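Hi,

Here is the structure I said I would pass on. Have a look at it first, and then read my notes below.

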Amino acid sequence: MNPAGGLARRAWLKKLLQQRFPDAAVVLLDSGNFSDNPTPEGDAKTVALLEGMGRLGYAAAGVAERELATGYDDLVKKARGVPFDLVSTNVVRKGTTEPVFKPYVVVEARRGGGKPPVRVGVMSVVRYNPVFLKAGPSGSNVSIAQPLAMVRRYLGEVREKSDVVVLLSEMSSFNAHELAREASGIDFVFGAYGATTSAQEEVEGTTRIVYTGNQGKRIGETRTFLDPKNHVVSQESYLYFLTARYPDDPDTLQWVQAAMKKMKAAGGEAPLSTAAPASRGGTGP
């Protein structure tokens, strides 16, 4: 009756933030589980969503269980040409602790006003599932390693290379708090897991934790204030429920409608609303 989310509304919000804070760096991230169902129609929506996220300027997206429903090679094929990184710190080659995707990326976010860029280190974890097994690269299989052990393995390296460290989380808020207690040095955990949303920032030691719910209906915004050495001084988080109260960005809406028309012509099932195919999870700037 009142569908929420959609790329066109995300784009409108991003442009509003850039207008209000023209010198600020805006980093768009998605925590994962954004893929649609593993059907021809669902695959078409996932490919369109990835392309749309690229158009919006996403910097990185986590890889979770839904992305690997049809295996590693299929996901790589869907994401071919996408101008942002797929990241997973704890999706590994079966029988090893070697990640099959980039275990982290460092995004150089440029600011205005003559200020130096901000280096944002991005890691990503999915809940531990000991029975998870999917087709991996080069005839191997992939599984999910313990999040804490894998975060500890890379956190020092990421911290050294970054001004701000972000962990994208596709696991429960309880598990995120537990991990933040055991692995100090993470500035933010941005998560999406089921219907969990943060009414306000949660705190675990020096780590701020924000959950945005599922299906891309909400987008989180965390305004981070830095000192001259790019150390985090303070932050404010907001959660936007992207209902029809939020307008669509015209250019993005036009692209979405064209993508829907293309899917329909190819035999795919186009969404009924004018909003873009909603991601299953995801965090905002």
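Let's start with two helices. H1 (residues 7–20) and H2 (residues 40–56) have axes that come within 11 Å and cross at roughly 10°. That makes the two helices, H1 and H2, roughly parallel. On the H1 side, the contact is made by Leu7, Arg10, Ala11 and Lys14, and on the H2 side by Leu49, Gly52, Met53 and Leu56. Sorted by class, the contact of H1 with H2 has five nonpolar, one polar and two charged residues. Do keep in mind that this is a predicted model.

The crossing of H1 with H6 is right-handed. Leu7, Ala8, Ala11 and Lys15 in H1 meet Asp251, Thr252, Leu253, Trp255 and Val256 in H6. By class, that contact has six nonpolar, one polar and two charged residues. Leu7 and Ala11 of H1 are listed in the contact with H2 and also in the one with H6.

While you are at H1, look for Trp12. The structure holds six aromatic pairs, and Trp12 with Tyr246 is one of them: the ring centres are 6.1 Å apart and the planes stand at 75°, so the pair is edge-to-face. Trp12 sits in H1 and Tyr246 in the loop between strand E14 (232–241) and H6, so to speak a link between distant parts of the chain, 234 residues apart.

Now for the sheets. Three bridges join E1 to E2 (residues 58–62), and Leu29 has Ala60 in E2 as its bridge partner.

Another open sheet has six strands, in the order E5-E6-E9-E10-E12-E11, and its pairing is mixed. Here the edges are E5 (104–109) and E11 (202–204), each with a single partner strand, so one side of each is left without a neighbour in the sheet. The twist averages 25° from one strand to the next. Within this sheet, E6 (residues 118–126) and E9 (residues 164–170) pair in the parallel sense over seven bridges, with Ser124 opposite Leu168 in E9.

Which strands does helix H4 lie across? H4 (residues 147–161) lies across E5, E6 and E9, and runs at about 175° to E6. Helix H5 (residues 173–182) packs on the sheet as well, touching E9, E10 (188–191), E11 and E12 (207–211), and its direction makes about 35° with that of E11.

Finally, have a look at E8 (residues 141–144). Three bridges join it to E4 (residues 91–93), and the two run antiparallel; Arg93 stands opposite Val142 in E8. E8 also pairs with E7 (residues 134–135) in the antiparallel sense, over two bridges, and there Ala135 stands opposite Asn141. The hairpin of E7 and E8 has five residues between the strands, and in it Ser138 takes a positive phi near 55°.

Cheers

Definitions and conventions:
Residues numbered from 1 in each chain as written. Predicted model: local features only at pLDDT ≥ 70, side-chain atom pairs only at ≥ 80, totals over all residues. Heavy atoms only, no water. Pairing = 2+ DSSP bridges. Helix = DSSP H or I, 4+ residues; strand = E, 2+ residues; numbered from the N terminus. Axes fitted to C-alpha atoms, helices over the stretch in contact; angles between N-to-C directions. Left-handed = near helix turned anticlockwise from the far one by under 90°. Contact = heavy atoms within 4.5 Å. Nonpolar A, V, L, I, M, F, W, Y, C, P; charged D, E, K, R; others polar. Phe/Tyr/Trp six-rings, centres within 6.5 Å; stacked < 30°, edge-to-face > 60°. Parallel < 35°, antiparallel > 145°, perpendicular 65-115°, else oblique.
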